[in-house]
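Keep the sequence and the 3D view open while reading.

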Amino acid sequence: MLGGGIGGLAAALALARRGRAVRVFEQGAEFKEIGAGIQLGPNVYRMFDALRLTAAIERYSVHPDNLVMMDAITGEEVIRLHVGAAEFRQRFDGYRYGVIHRGDLHQVLLDACRAERAIELQTLKKGERVEDLGDRVLLHLEGGERVAGCALIGADGLWSRIRAQLLADGKPRVSGHIAYRAVLPRAEVPDDLWQNNVVLWAGPKTHLVHYPLRRGELYNLVAVFHSDRYEEGWDVFGDAGELHRKFAHERPEVKRLLDKINVWKMWVLCDREPVRHYSQGRVTLLGDAAHPMLQYLAQGANMAIEDAVVLAAYAEISGWDFARAFRWYEDARYLRNARVQTTARYYGDIYHASGVVREVRNWFLAPGPKADPGAKPSFEGVAWLYEGIRIPTAAPG
Ligand SMILES: Cc1cc2nc3c(=O)[nH]c(=O)nc-3n(C[C@H](O)[C@H](O)[C@H](O)COP(=O)(O)OP(=O)(O)OC[C@H]3O[C@@H](n4cnc5c(N)ncnc54)[C@H](O)[C@@H]3O)c2cc1C
């Protein structure tokens, strides 16, 4: 395994749970996650069950009552999905919607990996390229070291070296959208702005998301805006002045929350066009290396964990014939990942609409005048995503 992020650790764990020995090579000096919140759909809780992680996840996660979209100009509520409702849980086989600190999710995975004897974790090992020798692979690490193994999974993220070698499809697409993120302690959030909801304030070419984290001890803020000033950037300090200018015409609730933060970390948001094939022989890709997506459906890590569970299942079903298992895995995953990748772009356009398009959005999404307030909520619009996947139990037919 190359890369010890959420995808790489989930895949190592999924393979080890099926009895396979795995070595994970991570370029960093330690295994850690930067960043703040991660939303967890019912689809990924199904995977946590399969990986026997649900109890550990529940020690940190928060279950919001609603996902709410607000118009950041008028302050009107555009749409609300009652994810805390009993009906939501029933609709998705008992699985809930959650939010978790990225570091907590990563730590849960890391602890589970450390508890597996079959997993060897190595830091300060940067992969450069891989050779497929037919009956095994040879991973070339920076500094000249070579490591032999049965197969290689490139879980090395957006700027994947393994992808560059397999697909040679250039750099990721810079979306022109920038995310600034910060985390506030609960005590610093004014009471009237604290909600047990995932709230998205949609403004012209901007949005702000906030939700509680870590059993409600923290408040996660992510502010996104369009800018062509940045080409690349990851976890570097953001320019608060630029941020305030971008949100200058928005609701006081938005500006009061932005005012609470002095130091922002910045991400330049990138994705790629979906591709049909990303495996070659005994080498494949997983997570952001395979299908980087904008975060507007909050599913990149969820998809990486689904990838991990499916890949491990097929590896075992194939009798550990990795070349065959990787083809099955790719066939099983590419359309769902591509749907999330492309839908996420579309959601970005909806969130950032301006002018008449913004009005159309609000009109289109609002419950109609004849909406029955007593009617049961419907979750069919998100069912394709949140119903999740079946874990393979046999070779594809
Ligand atoms: C602002 C923002 C909000 C998001 N919110 C959500 C959300 O709510 N829900 C959700 O599901 N997803 C969300 N995502 C997406 C999610 O963060 C990613 O999809 C997920 O972290 C991808 O995990 P990964 O393991 O594939 O890649 P990464 O997390 O990038 O991990 C790659 C790992 O590989 C290592 N590495 C890289 N190159 C090498 C090399 N050559 N050799 C060795 N090691 C290497 C890196 O150091 C890193 O540890 C969000 C993303 C952003 C930017």
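Start at Arg163. Beyond its neighbours within four places in sequence, Arg163 is in contact with Ala168, Asp169, Arg272, Glu273, Val275, Leu285, Ala289, Ala290, His291 and Pro292. The model is predicted. Arg163 sits in helix α6, residues 161-167. Is Arg163 buried or exposed? Its relative accessibility is 1%, so Arg163 counts as buried. Ala289 is 126 residues away from Arg163 along the chain, yet their C-alpha atoms are separated by 6.4 Å.

Now step back to the chain. Its secondary structure comes to twelve helices and 17 strands. The radius of gyration is 21 Å, close to the 21 Å that the globule rule gives for 397 residues, so the chain is as compact as a globular protein of that length. Along the principal axes, the C-alpha trace spans about 65 × 45 × 40 Å. Buried residues account for 53% of the 397 residues. The chain exposes about 17,600 Å². Carbon and sulfur atoms supply 50% of that area.

Gly4 gives another example. Gly4 belongs to the segment before α1. At 3% relative accessibility, Gly4 counts as buried, because the cut-off is under 20%. Leaving aside neighbours within four places in sequence, Gly4 is in contact with Leu9, Val24, Phe25, Glu26, Phe31 and His106.

Thr206 is next. Thr206 is found in strand β13, which covers residues 206-213. Which residues does Thr206 touch, apart from neighbours within four places in sequence? Its contacts are Trp201, Val224, Phe225, Lys246, Phe247, Glu250, Tyr351 and His352. Thr206 has 1% relative accessibility, so Thr206 counts as buried.

Helix α2 shows burial across a whole element. Seven of the nine residues of α2 (residues 42-50) are buried, so the helix is largely enclosed by the rest of the structure. The buried residues are Pro42, Asn43, Val44, Tyr45, Arg46, Met47 and Phe48. After α2 comes Arg52, with a positive phi near 55°.

Most residues other than glycine have a negative phi. Leu124 is not a glycine, yet its phi is positive, about 55°. Ala298 is not a glycine either, and has a positive phi of about 55°. Both of these residues lie in loops. Leu124 is in the loop between β6 (119-122) and β7 (127-132). Ala298 is in the loop between β17 (283-285) and α9. Which of them is buried, and which is exposed? Leu124 counts as exposed, because its relative accessibility of 60% is over 50%. Ala298 is buried, because its relative accessible area of 19% is under 20%.

For Asp288, a polar side-chain atom is 2.8 Å from an oxygen atom of the ligand. Ala301 uses its backbone: one of its polar backbone atoms is 2.8 Å from a ligand oxygen. On its own, the ligand has 1,000 Å² of accessible area, and the protein covers 88% of it.

Definitions and conventions:
Residues are numbered from 1 along each chain as its sequence is written. This is a predicted model: local features need pLDDT of at least 70, side-chain atom pairs count only at pLDDT 80 or more; totals for chains, interfaces and linings use all residues. Side-chain values use heavy atoms; hydrogens and water are left out. A polar contact is a pair of N or O atoms within 3.5 Å; within protein, one must be able to donate a hydrogen and the other to accept it, and residues adjacent in sequence count only if both atoms are side-chain atoms. Accessible areas come from the Shrake-Rupley method with a 1.4 Å probe; for residues, only the protein chains shown count as cover. Helices (H or I, at least four residues) and strands (E, at least two) are DSSP runs, numbered from the N terminus. Buried means under 20% relative accessible area, exposed over 50%, partly exposed in between (1.4 Å probe, protein chains only). Contact means heavy atoms within 4.5 Å. The radius of gyration is taken over C-alpha atoms; the globule rule is 2.2 Å times the number of residues to the power 0.38.
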